[in-house]
Amino acid sequence: MSSHIKKTRNLLNTRLGFFILATVLFWIKTYIAYRTEFTLGAKGAIQQILLFVNPVPALILIFGLALYFRGRLFYWVLMLLHLIESIWLFANILYYREFSDFLSFGIIKGSGDVQNNLGKSLAEILHPSDFFVFIDFIILLVLLLFKVIQVDRRKFKLRNSFAITILSFVLIFSEYGVANANRSGLLTRTFDNNYIVKYLGLNEYAAFNAYQTAKESATRSNAKSSDIDSVLNFVKKNRSKINPEYFGKAKGKNVFVIHLESFQQFLINYKVDGKEVTPNLNKFYKNKHTISFDNFYHQVSQGKTSDAEMMMENSLYGLPQGSAMVTYGTQNTYQAAPAILDQKGYTTASFHGDVPSFWNRDNTYKSWGYQYFFDSDYYQEKPSYSVGYGLKDKIFFKDSVKYIQQLPQPFYAKLITLTNHYPYELDKPNVSFPATKTGDNTVDPYVQTAHYLDQAFGEFIKYLQKTGLMKNSMIVLYGDHYGISNNHRAAIAQLLHKKEITDYDLAQFQKVPFMIHADDLKGGINHTYGGEIDALPTILHLLGIKDNDTVQFGNDLLSKKRNQVVAFRNGDLVSPKYTVVGSNVYLTKTGKEITPDNEQSKEIKEMQTHVNTELSMSDRVILGDLLRFYKPKDFKKVDKKDFNYKYSYAIKALGEENRKSKNTLLDKLHKKDTEYLYKTSAPELKK
């Protein structure tokens, strides 16, 4: 036994031995993280084996770089590489815990725009056990500092270093060959980062993402005017026909778009301890003048809220990595709802109780043609007024009234709520609903903040009714993305009263509300399948605005004949007949998993081809800034210089417009301020 220990110690006292020890320790902890921190869905022997071995090839390549350095420098270079790799793994564990996705260079690049809001979420996401990710680094450092492992000063032959590098590349390409055989087109067809990590590894994902990011940067400079032709042909071919029963039903009305933060469809009519979570939204959902869509899905990726805004106002998908608003919001040309409506005589404004730079809104909104952007600078700020990511919803809605009443009608006003944002925090005076009891601390308070949002919405609707705005307006509500990520499967099962959750259940869990209300509309529950990409054409048609010339990938949800295939950003899809998640196929009506026969396979292949083409076309538009090459007949390109969102400038401009216009709410009420009509139960505002 002592002889064996001596041989082992002698090996560790060599550079090769220390390199092997560092690689093995990091391999073990990475695999443990794969199994405990990430939900990669490895099925079958091949996927399980690949998941086990995939950390090794890249680690040999990266740690092997240290072997090119001599003496002590080898050890310090290896330790530095080990620390960088540990930080990368640590950061991905935290990010995945909340977003069920891996960090991309697009997200890292855009983090500066949201860094002032990250501390609150990080405190909730971080677990003390996460720091065990650094335990092997500490072990290696202690072994070196206390000279348990001796520094090997002998020369390591250069050809041996080369051999290890070559071995790493052989293993990487062999791994890719096996992975691609199991998942055909792994790096060309998939839109899901989980697949890349599952098959190839976290480092290979980082390398592929870096390649994609560089490729995206080059796409714009290489784009040419003829590139838009295939996009126009695709859009024209797939555009659904107008439904005359609904076209123009809300013509000339104001439009309120209310952004329900992190709000999922399952909350509608959901009860906890016999109490409705959202009684006001439930009533609105069932109103005889509200069209409510019960098969409407969010389609966001890493951009989350920013992806939802991109789809809602442009009918363009967000990008597979990062945020299009952050990366391409400033420089790109768009044909967005605010600009379209501005050119039809509407006043356009967005309201948001957070800093203007969040998701690069202060720049992107200019590209989209918003005349006004009322951000946190326009609202009273007191410590008790904010929670989580910004102004509490009850205070936000109430304080927005002072600006709404000054907007010349008709207007298009988007109000972005915030309180129902992770980490679902509320101070004690505002908690008026019981938490769920799943045992998941992230999930359980979700219904409490959703209930608070519902109360705020109810107060706002009462104000609209009192002032007469309800009669003159079309109210659009939408949930931007999930509130509970797929990483909380056990809690989701309890919420949905299921013993276990399948991939089918998780796909259906991505439903979010989409409701459209106007007094002249014939309401009801609409069962058509659609998503956020379809919102803009639906809204425009209700307003009597044809969109024959604009580039929109969505279709009017009220059209009698429309393609009901809903594309998820990772390439999965849902249709009335099939739900496709990765390589698994389910019958949508029953949730039964099937092995498709020849006829079914043909149908699914056609759907998948359509989804992949649509996502690819949308990406081309954004990455290449292709709309700069296209001039619709009835649309004037936005000039960002026309807009200034600074408080002093905007207040002056609003005052001037108010004096010129004879059609504001204040004018209708003979200049009588309406703020006194707004009643709220917000305890912070009680004297």
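Two strands count as paired if DSSP finds at least two bridges between them. With that in hand, welcome to a predicted model in which β1 (residues 254–260) and β11 (residues 473–479) pair in the parallel sense over 7 bridges.

- Eight strands make up an open sheet of mixed pairing: 8 strands in the order β7-β6-β10-β1-β11-β12-β4-β13.
- At its edges sit β7 (372–374) and β13 (524–526), each of which pairs on one side only.
- From one strand to the next, the twist averages 15°.

- Helix α24 (residues 647–660) lies across β6 (347–352) and β7, and runs at about 125° to β7.

**Lys392**

- You will find Lys392 in the loop between β9 (390–391) and α18 (393–404).
- Lys392 counts as buried because its relative accessibility is 2%, and the cut-off for buried is under 20%.
- Leaving aside neighbours within four places in sequence, the contacts of Lys392 include Asp427, Asn430, Tyr452 and Glu684.
- Ser384, Tyr385, Ser386, Val387 and Thr419 are also among the residues in contact with Lys392.
- Gly554 is 162 residues from Lys392 along the chain, and their C-alpha atoms are separated by 32 Å.

**Cavities**

- Rolling a probe the size of a water molecule over the atoms shows where empty space is left.
- In this structure there are 7 cavities of 30 Å³ or more.
- The largest cavity holds about 120 Å³ of space; 17 residues line it, and the closest to its centre are Asp534, Phe553, Asn563, Val565 and Glu614.
- Two or more residues of that lining come from each of β14 (530–531), β15 (566–567) and α23 (598–623).
- By class, the lining of the largest cavity divides into 7 nonpolar, 7 polar and 3 charged residues.
- The second largest cavity has about 90 Å³ of space and is lined by 14 residues, with Asn238, Arg239, Gln552, Gly554 and Asn555 nearest its centre.
- Both α12 (228–238) and α22 (535–542) give two or more residues to the lining of the second largest cavity, and α12 gives the most, with 3 residues.
- The lining of the second largest cavity has 4 nonpolar, 6 polar and 4 charged residues.

Notes
Residues are numbered from 1 along each chain as its sequence is written. This is a predicted model: local features need pLDDT of at least 70, side-chain atom pairs count only at pLDDT 80 or more; totals for chains, interfaces and linings use all residues. Side-chain values use heavy atoms; hydrogens and water are left out. Helices (H or I, at least four residues) and strands (E, at least two) are DSSP runs, numbered from the N terminus. Axes are lines fitted to C-alpha atoms, for helices over the stretch in contact, and angles run from 0 to 180 degrees between N-to-C directions. Contact means heavy atoms within 4.5 Å. Buried means under 20% relative accessible area, exposed over 50%, partly exposed in between (1.4 Å probe, protein chains only). On a 1 Å grid over the protein atoms alone, a cavity is a set of points where a 1.4 Å probe fits but cannot get out, and a pocket is an open set with protein on both sides within 12 Å along at least five of seven lines; lining residues have an atom within 4 Å of a point. Grid points are joined across faces, edges and corners, and a volume is the space filled by probe spheres set on the points. Ala, Val, Leu, Ile, Met, Phe, Trp, Tyr, Cys and Pro count as nonpolar, Asp, Glu, Lys and Arg as charged, and the others, Gly among them, as polar.
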